[in-house]
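Please work through the following exercises with the sequence and the coordinates open beside you.

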Amino acid sequence: MTLGEFLKAVTEAPGPSGYEEGVRQIVRSAFSPYCDELRVDPMGNVWAVRRATRRADRAPRIMLAAHMDEIGFVVKKIDAHVLRVSQVGGFDVRILPGQPVLVHGKVPLPGVIGSRPPHVLPPDEREKVIPLDELFVDVGLTAEELPRYVRVGDLITLRRGYVELRNGLVMSKALDDRAGVAALYSCLQELQALQHSWDVFAVATTQEEVGLRGAMTSAYGVAPDAAIAVDVTFGRTPDCPDIGTFELDKGPCIARGPNIHPVMFSLLEETAKRLEIPYQTEPIPGRSGTDAWAIQVAREGVPTGLVGLPLRYMHTPGEVVCLRDIERAGRLLAHLVATLDERVLSRFRAPLGSSS
Amino acid sequence: MDLNLLERLSLARGASGDEGAVRSILAEVVGPLVDELQVDTIGNLIAIKRGASQSGLKVMVAAHMDEVGLMVVGADNNGFLRFRPVGGVDARVLLANRVLVGPEGIPGVIGAKPVHLTSPKEREAPLPVEQLYIDIGAKSKDEALGAAPLGTYVTFDTPFTRLGAGGAQGAAESGRVAGKAFDDRAGCCVLAELLAESYPFDLLAVFTVQEEVGLRGAQVAAYALCPDLAFALEGTVCDDAPRPEGEDVSPTTRLGFGPAITITDASVVADRRLVELLMDTAEREGIPCQVKQPNVGGTDIGAIHLQRGGIPTAALSVPCRYIHSPESILDLGDLENCIRLMRASLMRLPSIPWKGR
């Protein structure tokens, strides 16, 4: 499967937080040719384990993490022929009217987030944002039919497929963070041709959007000596400030800040420079809002890095990334893994009494 | 009823002034059914079906081919396209929706700032269309305007979907479908189906242009054809979702309750004799129908009834939820009943005393 084919399959599959099964199946079958062991842990995280090619007794472990889950909705009320919903994760409600969705009832039911047509609205109503309470999902069934197929608590995902735009940009739902999962896929492929002395645990995590939960438990389970999370970061668009946003197709972002071990930042930066992979530096002064935040404080603490893929229109049905940035991230991760040796472990220990 | 035709018409891209793709489908479908096929200078497709017997009547039936859409009006230095609506589009349904740009159908998306970077205060106000933009992946102004020159038409990118259990597999259990532009491709579909029969008068079937920007096509066609009577076939507002308790909003139409008869809307008072013909025929034939809530919306008959010395008109519509948004829903039973009711009413037309009062 090419990177594009993987990304299409994995973004079109439904997988809201806690219900990642559809995505998990695709990830398992795509990752398995490139790893020695494949495991699914109790929280549903997929571990693809690739043992060190230069074997030590107990090789150190690097965990690479990207989350499989996506934001969606849950049915909170069946109201005559429509469904009232709550969010799972966070959408801006302004983007919701008119969006196609898939209701995961007894069978999958395509539907639409309904809105009242402008013809019937007084002018002042048209200037208001429609709150989530007044929005609803319509699957075209009657009030009598609907309860036979849908129950309160059923999940709803966006119904939008993968499309290629110009210049290597692609659009799909759930590129946050299936683009990161694709970077892991690309890294595993790249590693086929490389020697490495650490074991690699590529983990597709669950429930990131509701509180980094899969990363928390899988980081405990893997017990890594170092980790790198791959997630999306904000792409630059006309309505966003330049500070804190990043250009697409200028390479992955290497994050820097309290969430990031300074040595891990340096290793990523050195590797990118050595391989002439374009990259951008992303300063994150506090909480990164990614799996890296949970992994860093797993067990006795894990030296953690974060690679960001610039993405436009985050948390909408039309997220946009650059395929080349994903390939670059995969290559960066693989070559970083290949540089890891025993001596790196001591570099992770903060020196006594010195500030560097 | 030919579901395939509705699907083709819904997927065809034709904002007001750019109806060519819709027109060519309809010309292909109705060409073999009619005696004459013409296109006038504004782009109306006129299909004339001579009567089986001559009653001396000339009856025009109109359905509009155009849909609401967008138009490129500029681009910024980073390659993002700026646009304005074509026809009545509520800017609140645009954000983060997908579009197809220009004749080649270049895919794009109407950008939306990530929720993470917006303040709660920002999220309380809808964005005006002037602040929205389309991303096709272009890197510069030159590239963007090279791909989509000023004046390029843009339409919603919406699949045609059979709803209900197993809908994705094609078993339309609910008998309902979702897609774009049912206003008024539903009416086009009904009109095309009507042409399979002959009527006891000359039927002037007109697939009109530019309804959404002011009933422009219907106006010139009605003047040119000078019919004795006219009907419009529409996809109309269906606002039947449950409202908060106690709120006095009666539904405009209800999905699944049959085609809707216009009594009055913002553009016309329908001719009472023709309204009664429709209602009486429905009752005789046992075809479900409903009355559209008065004073909402408008149709081609708004222009037609004022041509020359005045023309008696009526409108019959297929209820469509969420019209003028990227994705609307209609009931195939309503569509079928619209065809039946219009066909039966046309057959009875010469028997009613439509001349003189």
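**Exercise 1. A residue and its contacts**

Which residues does R178(A) touch, not counting residues up to four places away in sequence?

Solution. Before starting, note that this is a predicted model, in which local features need pLDDT of at least 70 and side-chain atom pairs count only at pLDDT 80 or more, while totals for chains, interfaces and linings use all residues. Residues are numbered from 1 along each chain as its sequence is written, and chains are lettered from A and ligands numbered from 1 in the order in which they are written.

Step 1. Apply the contact criterion, under which two residues are in contact if their C-beta atoms, placed from the backbone, lie within 7 Å. With residues up to four places away set aside, R178(A) touches L7(A), V10(A), T11(A) and M68(A).

Step 2. Classify the surroundings. A residue is buried if 20 or more other C-beta atoms lie within 10 Å of its own, exposed if 12 or fewer, and partly exposed in between, with C-beta atoms placed from the backbone. R178(A) has 34 other C-beta atoms within 10 Å and is therefore buried.

**Exercise 2. Two helix pairs**

Describe how α5(A) packs against α9(A), and how α1(B) packs against α4(B).

Solution. Two packed helices are described by the angle between their axes and the distance between the axes. Axes are lines fitted to C-alpha atoms, for helices over the stretch in contact, and angles run from 0 to 180 degrees between N-to-C directions.

Step 1. In chain A, α5(A) and α9(A) (residues 323–339) pack at an angle of about 50 degrees, with their axes 7 Å apart. This angle makes α5(A) oblique to α9(A), since angles under 35 degrees count as roughly parallel, over 145 as roughly antiparallel, 65 to 115 as roughly perpendicular and the rest as oblique.

Step 2. The crossing of α5(A) with α9(A) is right-handed; a crossing is left-handed if the near helix is turned anticlockwise from the far one by less than a right angle, and right-handed if clockwise.

Step 3. The residues that meet include A179(A), A182(A) and A183(A) from α5(A), and I326(A), A329(A) and G330(A) from α9(A). The residues of this contact divide into 10 nonpolar, 2 polar and 3 charged, where Ala, Val, Leu, Ile, Met, Phe, Trp, Tyr, Cys and Pro count as nonpolar, Asp, Glu, Lys and Arg as charged, and the others, Gly among them, as polar.

Step 4. In chain B, α1(B) (residues 3–11) and α4(B) (residues 182–194) pack at about 140 degrees, with their axes 9 Å apart. That makes α1(B) oblique to α4(B), and α1(B) passes α4(B) in a right-handed crossing.

Step 5. From α1(B), L5(B), L6(B), L9(B) and S10(B) meet F182(B), R185(B), C188(B), C189(B) and A192(B) of α4(B); the residues of this contact comprise 7 nonpolar, 1 polar and 1 charged.

**Exercise 3. The chains and their contact**

How many residues of chain A are in contact with chain B, and how many of chain B with chain A?

Solution. Step 1. Begin with chain A, which has 10 helices and 17 strands and in which buried residues make up 56% of the 356 residues. Its radius of gyration, taken over C-alpha atoms, is 21 Å, which agrees with the value near 21 Å for a compact globule of 356 residues; the globule rule is 2.2 Å times the number of residues to the power 0.38.

Step 1. Chain B has 8 helices and 17 strands. Its radius of gyration of 21 Å is close to the 21 Å that the rule gives for 357 residues, so chain B is as compact as a globular protein of that length. Buried residues make up 57% of chain B.

Step 2. Between the chains, 55 residues of chain A are in contact with 59 residues of chain B. On the side of chain A that touches chain B, β7(A) (108–114), β8(A) (136–138) and β11(A) (169–172) each supply at least two residues, and the largest share, 5 residues, comes from β7(A). The residues of that side divide into 31 nonpolar, 12 polar and 12 charged.

Terms used. Helices (H or I, at least four residues) and strands (E, at least two) are DSSP runs, numbered from the N terminus.
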